[in-house]
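Student: Hey, can you walk me through this structure? I'd like to ask things as I go.

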Amino acid sequence: MSTAHIIIKTVDITQVYGMGDISVAALRGINIQIQQGEFVAIMGPSGSGKSTLMHILGCLSQPTSGQYFLDGEDVSHLNKIQLATVRNQKIGFIFQAYNLLARTTALQNVSLPLLYNRVNPKTKEDGLEKARNMLELVGLETRANHQPHELSGGQQQRVAIARALVNDPVMVIADEPTGNLDTRSGTEIMNLLHQLNEQGTTIVMVTHDPKTAAHTQRTINLVDGLVDSITHNGRHSTQPVGEAQHETH
Amino acid sequence: MKPTEALTIAWEAILKNKIRSFLTMLGIIIGVAAVIIMVAISAGTEATIQEQITSLGSNLVFVQGAMMRGGPGQAPQGGLVYDDAAAIETGVDGITAVVVEQNSSETIKYGDVILENVEILGTTVGFPSVRDMEIADGRYFNDQEIERKSKVAVIGYSLAQELFGESNPVGQYVKVGNTKLAVIGVFKEKGLVGNTDFDSRIYLPISVVFQKFTPSMFARFMGDSVRMIYVEVDPDANLDNIITQIELLLVKRHDVTLDSADFSVTTQQDIISTQESTTSAFRSLLAWVAGVSLIVGGIGIMNIMLVSVTERTREIGIRQSVGATPNDIRLQFLTEALLLSIIGGLIGVLVGVGGAYIFGALSDMRTVISASSILLAFGSSAIVGAFFGYYPANQASKLDPIEALRYE
């Protein structure tokens, strides 16, 4: 196996909602590992637990049991403030609904994570410079002062991608990034994600669409709160490496 | 998040919803303006009253019979007598004038006009000067007329109008009770001072009042009783010293002790302090009422901030997803509430000061704007903002990021 840095490692993660007789197990013991530079899809039908897993991987919630190592650090028992800091420093989110702040320019939206960066605070000028560079990276430097409602869906999603990258995270979590877009814009976004991945960004994408998942190197299929199978899509030259309970080829 | 950044975000949020921000501030604006205007009005009233009282002369001492039961034919049960005044005049140092008054009420007739229960006031020569009254027409009576018990009268402004209408009263005769009196003068309008209407009375030489209206079989032994003795004090003299002299003199004359005295000695200063305590009670009442409106304004802020937190749940979720901690979220909303109330407070100060000024200019009520009321109102608006802003801000900080992001 490679000596590549492991970004995500989960050990027997479970997530149980409710209590006693009416409790529902959304995740029933997830063991996955994702290395730096990978582009991985998490797929599964509705109710399979993929959103729950994404929330845990994104440090938006804590697992009921099990351990989650993000970038080598056990984050499964952090408090709310520590989790917020981890999200700020290590994770960039891309949502289906873009989730940009309304009536706020693209540039300000991109700089938002810098506002909460206590670990490596930037001066206002440096921050804006960085945000501009990110907008340039996604090809929207000319739209810096536009507000979300003045941008197309594809453009809004590109602003969201720029925002996800501005704090140099160790990985990007994309939740159905093309779900709200037409085919052409969707393809553009996927191409952008590929481009970023080729430049070294680790991407974990949650999707229910097999065609979108097929763009990635590896698909983790969830069924009923368990990893059902892992598919190596083989479209890429880089051979992904992963450990899972079952692997099918 | 740095406080300056929180301030920027809050300022932008306020600008994004200008009308709502203004409506939220309105409660605070009204509250602060109310505090300032109310305090200005009561301070103005206080100043007016004080001026009125001081204009009467703060160097006046009032000696009043404590147990007087006036009325014709009735025995005086202690109290002041006419000779007390003479004794004060000769026995007390540092006084410039002594004036005596005794009153009764009678029916007055002039031609067809009959007025019942008119207050008749018997007094001495110094009365117009100590009570600050001026003759409009004719003249006031003199010492000889008092000595001779001359049947003369000077009438108050409104009484003259009721009796004589447009015609000149001077030289006319009026019948007071059974006594016919010559009108020799009319006072200028004076108006109400305290509860006393100086204009509806008829003023007679005190000797005439003793003889005709308050005769007493005891007068021969005890002297004619009087209602009040005014002692005008030399401005350079020590007021307390003179009060003590008067008290000692009267205690001796009446054969009583100070604790069981049948008279009381008060000064304008006493009346002023009584008035002051009344008006300051009035002022604090107004301030409380205005303070309540400030609290209502604060509740308005809390109300809108709660709505705002709900409405911006998704924004909160977005901020949380990119790394905002609960403290960051709390700081953001608390800053917004505080900024709203401080801006509201500033506008309220402008409205209050302007309102008090306009109110003073347009109505006959005087207003005095005090710096302390501005500070008080503005300070409380900030405190109200912090107090009522905390709860919504805390609610916002407790939102779950996943729920917040899902919120439609």
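Student: How many bridges join strand S10 of chain A to S11(A)?
Tutor: Six bridges join S10(A), residues 218-223, to S11(A), and the two strands run antiparallel. Two strands count as paired if DSSP finds at least two bridges between them. The names come from DSSP runs numbered from the N terminus: helices are H or I runs of at least four residues, strands are E runs of at least two. Bear in mind that this is a predicted model, where local features need pLDDT of at least 70, side-chain atom pairs count only at pLDDT 80 or more, and totals for chains, interfaces and linings use all residues. Residues are numbered from 1 along each chain as its sequence is written, chains are lettered from A and ligands numbered from 1 in the order in which they are written, and side-chain values use heavy atoms, with hydrogens and water left out.

Student: Which residue stands opposite A:Thr219?
Tutor: That's A:Thr231, in S11(A).

Student: What's in the loop between S10 and S11 of chain A?
Tutor: A:Asp224 lies there. Its phi is positive, near 50°, and it isn't a glycine. Most residues other than glycine have a negative phi.

Student: Where else does a non-glycine have a positive phi of about 55°?
Tutor: At A:Asp71, which is in the loop between strand S5 (65-70) and strand S6 (73-74) of chain A.

Student: New topic: how many residues of helix H1 of chain A are buried?
Tutor: Seven of the eight, so H1(A) (residues 50-57) is mostly covered. Among the buried ones are A:Leu53, A:Met54 and A:Ile56. After H1(A) comes A:Cys59, with a positive phi near 60°.

Student: What about chain B, which strands does S1(B) pair with?
Tutor: S1(B) pairs antiparallel with S11(B) (residues 228-233) over five bridges, and antiparallel with S12(B) (residues 263-267), also over five bridges. B:Phe62 stands opposite B:Tyr230 in S11(B), and B:Val61 stands opposite B:Thr267 in S12(B). S1(B), residues 60-65, is mostly covered, with five of its six residues buried.

Student: Last one: at what angle do H12 and H13 of chain B pack?
Tutor: At about 155°, with their axes 7 Å apart. Axes are lines fitted to C-alpha atoms, for helices over the stretch in contact, and angles run from 0 to 180 degrees between N-to-C directions. H12(B) and H13(B) are therefore roughly antiparallel to each other. Under 35 degrees counts as roughly parallel, over 145 as roughly antiparallel, 65 to 115 as roughly perpendicular, and the rest as oblique.

Technical notes:
Buried < 20%, exposed > 50% of the residue type's maximum accessible area, 1.4 Å probe, protein only.
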